[in-house]
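Hi,

Here is the structure I said I would pass on. Have a look at it first, and then read my notes below.

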Amino acid sequence: MSSLIPYMQGFGTGAGLIIAIGAQNAFVLTQSIRKNHHMTVCLVCAICDALLITLGILGTGELIASNPMLLKPAAWGGAAFLAWYGFGSFRSAIKGGQLETGEVARTGVKSIILLTLSITLLNPHVYLDTVVMLGSISGQYDGMDRYMFGFGAMSASFVWFYTLGFGGRALAPLFKKPVTWRVLDSAVCLTMWFIAWHLAEKAMSV
């Protein structure tokens with residue numbers, strides 16, 4: 001019973017950090033609506049989070065947090081990539097689109113895995129939330145409780161991403177209309193550009 005408390009605290013903390021709207025969540029939802037290997041996308045995102053949380057639990061978070069030389073190039077690289085991805089969504093919003101529920105995914109599974117890894121690992125926020133933040137918080141627990149905290153955070157990641165995956169499919173009928181697709185692409189574009197601007201601002205202040 002005592003191990004359940006740090007597990008639930010880890011689950012709550014992880015959920016609070018992961019559920020915040022961001023580039024990764026917008027990407028997962030988009031692929032889910034398109035039915036573009038969305039379960040694979042969810043699995044890749046959840047596994048990446050689990051690995052990064054593990055690094056944080058093992059103490060890597062303190063190393064990255066204390067070394068600004070690692071944060072600045074990561075922030076600039078992430079800002080550039082998100083700005084580029086946002087521009088792609090901007091063009092899609094102008095062009096418009098229509099979801100065909102019976103359409104086969106156009107992107108190959110290898111390509112979508114690489115894109116998912118890029119969206120996840122080139123965003124410094126992922127490292128700050130998982131490795132640094134969760135790694136630092138886990139330091140208050142001793143022994144097995146520390147690992148239970150990390151396992152709780154990992155569980156929150158799996159639950160959240162698969163919720164997006166299944167939720168996106170439920171929203172699919174709405175995206176048969178071009179106007180709904182334009183709204184989604186516009187939201188993704190603005191989200192990407194906002195985070196890119198924030199990362200660039202952070203990089204200049206480091």
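**Confidence first**

In the protein, helix α4 (residues 60–65) has the lowest confidence, with a mean of 57, while α3 has the highest, at 93. The score here is pLDDT, the predictor's confidence in each residue, from 0 to 100. Residues 100–105 have a pLDDT below 50, and this stretch has 5 contacts in the model beyond near neighbours in sequence. Contact means heavy atoms within 4.5 Å. Where pLDDT is low, the predicted coordinates should not be read in detail. For the protein as a whole, the average pLDDT is 80, and 82% of the residues score at least 70.

Some housekeeping: this is a predicted model, with local features needing pLDDT of at least 70 and side-chain atom pairs counting only at pLDDT 80 or more, whereas totals for chains, interfaces and linings use all residues. Residues are numbered from 1 along each chain as its sequence is written, and side-chain values use heavy atoms, leaving out hydrogens and water.

**The fold in brief**

The protein has 9 helices and 0 strands. Both are DSSP runs numbered from the N terminus (helices are H or I, at least four residues; strands are E, at least two). Of its 206 residues, 41% count as buried, that is, under 20% relative accessible area with a 1.4 Å probe, protein chains only. Among contacts between residues at least 6 apart in sequence, 90% join residues at least 24 apart.

**What α2 packs against**

Take α2 with α3 to start. The axes of α2 (residues 23–34) and α3 (residues 38–57) come within 8 Å and cross at roughly 160 degrees; axes are lines fitted to C-alpha atoms, for helices over the stretch in contact, and angles run from 0 to 180 degrees between N-to-C directions. The two helices are therefore roughly antiparallel (the label for angles over 145 degrees). On the α2 side, Q24, F27, V28, Q31 and S32 meet H38, V41, C42, C45 and D49 of α3. By class, that contact has 5 nonpolar, 4 polar and 1 charged residues (Ala, Val, Leu, Ile, Met, Phe, Trp, Tyr, Cys and Pro are nonpolar, Asp, Glu, Lys and Arg charged, and the others, Gly among them, polar).

Then there is α6 (residues 109–121), whose axis comes within 9 Å of that of α2, crossing at roughly 155 degrees. So α2 and α6 are also roughly antiparallel to each other. Here A23, Q24, F27 and Q31 in α2 meet I112, L115, T116, I119 and T120 in α6. That contact divides into 5 nonpolar, 4 polar and no charged residues.

Cheers

Conventions
Parallel < 35°, antiparallel > 145°, perpendicular 65-115°, else oblique. Buried < 20%, exposed > 50% of the residue type's maximum accessible area, 1.4 Å probe, protein only.
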